[in-house]
Amino acid sequence: MSDHELELTVNGTDERLTVEARTLLVHALRDELGYTGPKVGCERGKCGACTVHVDGEPVKSCTTLAVQADGCELTTVDGLADGDGLHPIQRALHEAHGVQCGFCTPGMVMTIAALLEEDATPTEKSVRHALKGNICRCTGYQHIVEAVVAVAETEAGSTTDAGGET
């Protein structure tokens, strides 16, 4: 197997690494670069625990080769929050009891962030549709869905409050 040198930006930090052609993005992030937010779950793209954003799009990093991310900008759950505080999605999940063991949470948060970028006021049905590729074995999803709808309403309200009209 030949090695490939990669340059990518992860959570705003420029990174360089050398990987084998077969290295999965989740392993490059976790094992080579130390970004442990994406979790290794099913390794088949079914559970969503490994979801990261590549150039703003949600990607299951367990089915993506690291070489495919060369030159890209990546965001993991570790880089979603601004500073030491929780991102509004993380806070909403915490407040709504939408997390239990927490294993699925990074992927859920990244999927939810992508949904809210696309649709700032999702319905319960659209939230459930967006989360269909994420498996949670603990919560039963209801609190997660409620948290997403609540954060969307809060964010929409703060946008309206801050600027008058949206």
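**Salt bridges and a β-hairpin in a predicted model**

At 35% relative accessibility, R128 counts as partly exposed; by the cut-offs used here, buried means under 20% relative accessible area, exposed over 50%, and partly exposed in between (1.4 Å probe, protein chains only). The structure is a predicted model, in which local features need pLDDT of at least 70 and side-chain atom pairs count only at pLDDT 80 or more, while totals for chains, interfaces and linings use all residues. Residues are numbered from 1 along each chain as its sequence is written, and side-chain values use heavy atoms, with hydrogens and water left out.

R128 forms a salt bridge with E124, and the closest N and O atoms of this pair are 3.3 Å apart. A salt bridge is defined as a side-chain nitrogen of Lys or Arg within 4 Å of a carboxyl oxygen of Asp or Glu. Both R128 and E124 belong to helix α4 (residues 124-130), where they are four residues apart, about one turn of the helix. Helices (H or I, at least four residues) and strands (E, at least two) are DSSP runs, numbered from the N terminus. E124 is partly exposed, its relative accessible area being 40%.

Searching the whole structure gives three salt bridges. One of them links E7 to R16, with the closest N and O atoms 2.9 Å apart. Here E7 is partly exposed at a relative accessible area of 42%, whereas R16 is exposed at 62%. Another joins E20 and R22, for which the closest N and O atoms are 2.6 Å apart. E20 is partly exposed, with 30% relative accessibility, and R22 is exposed, with a relative accessible area of 55%.

Strand β3 (residues 51-54) and strand β4 (residues 57-60) run antiparallel and are joined by four bridges; two strands are taken to pair if DSSP finds at least two bridges between them. Within this pairing, V52 stands opposite V59 in β4. Two residues lie between the strands of the hairpin, and D55 takes a positive phi near 50° there. In a regular strand, side chains alternate between the two faces of the sheet.

A further glutamate, E117, is located in helix α3 (residues 105-118). E117 is exposed, with a relative accessible area of 70%. E117 and V26 are separated by 91 residues in sequence and, from C-alpha to C-alpha, by 23 Å in space.
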